[in-house]
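Welcome! Here is a friendly walk through a protein structure that may be new to you. Take a moment to look it over before reading on.

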Amino acid sequence: MLVAGNWKMFKGPRETVEFLDSFEPPAGVDVVVCPPFVSLPAAVGRGVPVYAQSVHWAAEGAFTGEVSAGMLRELGVEGALVGHSERRQHFGETDESVRRRCEAALEAGLAVIACVGETEAQREAGETEAVLERQVAAIPFHDRLVIAYEPVWAIGTGKTATPEIAQEAHALIKALHDTQVLYGGSVKPENAAELMAQPAVDGALVGGASLEAESFAAICRAAVT
Ligand code: PGA
């Protein structure tokens, strides 16, 4: 089981240190945190592996606002999220750019959590399977890469997928790409155990509920039991 905390654009270096000073990951589960770029140096070396929230495909170059895998490695960052739906929705991330970012990160020795998931309109139109097939087809196979299934309609909305919906989507993804699949979208201490009890759910990618040390620790514990 892997539980990853995606802090999105929350927590500068000071709050990052405060969080990690009060957070004790339980034994028996792999836990990582994904702080914003500016907080990565403060997070590294405090007992929890650190992943970035994105990574560029080039080693260096004229790419204003981007950060390369080599730069992350230099800081001691161990992995990166790639293709989060907020990157796809707001920052023009495409299946092709997701593929390039994944490849560069893996090549540089980072682990990758590659995100996929359908929107509400796509689910209602019966397109979930086609969307997941297309997104997963762009993701390379590698033993340092896992996939996160995050239905866009469940992210930050309080609308969690039912365990059955998660199980069905995870089973589909695993049939296409033999890897661990994390569930993401309104995971909380109250629903974490039930979601992670599904046979095809191998952990969680947690947004809002990862911002408080206590609720994140509770979700991590739910992955153990
Ligand atoms: P949420 O976000 O847990 O706040 O819904 C999950 C994510 O976007 O990774």
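Predicted model: local features only at pLDDT ≥ 70, side-chain atom pairs only at ≥ 80, totals over all residues.

- Is Pro26 buried or exposed? Its relative accessibility is 18%, and buried means under 20%, so Pro26 counts as buried.
- Setting aside residues up to four places away in sequence, Pro26 touches Cys220, Arg221 and Val224.
- Ser215 is 189 residues from Pro26 in sequence, while the C-alpha atoms of the two are 13 Å apart in space.

**The sheet**

- As background, strands of a sheet pair through backbone hydrogen bonds, either parallel or antiparallel.
- β1 and β2 run parallel and are joined by five bridges; within this pairing, Gly5 has Val33 of β2 as its bridge partner.
- β1 (residues 2-6) also pairs with β8 (residues 203-206), in the parallel sense and over four bridges.
- Val3 stands opposite Ala204, a residue of β8.

**Ala111, a residue in strand β5**

- Ala111 belongs to strand β5, which covers residues 111-116.
- With a relative accessible area of 12%, Ala111 is buried.
- Which residues does Ala111 contact, leaving aside neighbours within four places in sequence? They are Tyr51, Glu78, Gly79, Ala80 and Arg144.
- Leu81 lies 30 residues from Ala111 along the chain, and 8.7 Å separates their C-alpha atoms.

**Thr128, a residue in helix α7**

- Thr128 is found in helix α7, which covers residues 128-137.
- Thr128 has a relative accessibility of 13% and therefore counts as buried.
- Apart from residues up to four places away in sequence, Thr128 touches Glu118, Gln122 and Arg123.

**The protein as a whole**

- The secondary structure amounts to 10 helices and eight strands.
- How does the radius of gyration fit with a compact globule, and why? For 225 residues, a compact globule would have a value near 17 Å; the protein has 16 Å, which agrees.
- The C-alpha trace spans about 45 × 40 × 30 Å along its principal axes.
- Of the 225 residues in the protein, 55% are buried.
- Taking contacts between residues at least 6 apart in sequence, 70% of them join residues at least 24 apart.
- The protein exposes about 10000 Å², and 52% of this area is supplied by carbon and sulfur atoms.
- There are 17 positive and 31 negative side chains, and 4 Å lies between the centres of the two sets.

Notes
Residues numbered from 1 in each chain as written. Heavy atoms only, no water. Helix = DSSP H or I, 4+ residues; strand = E, 2+ residues; numbered from the N terminus. Rg over C-alpha atoms; globule rule 2.2 N^0.38 Å. Buried < 20%, exposed > 50% of the residue type's maximum accessible area, 1.4 Å probe, protein only. Contact = heavy atoms within 4.5 Å. Areas by Shrake-Rupley, 256 points an atom, 1.4 Å probe, with all protein chains shown as cover. Lys, Arg positive; Asp, Glu negative; His and termini not counted. Charge placed at Lys NZ, Arg CZ, Asp CG, Glu CD. Pairing = 2+ DSSP bridges.
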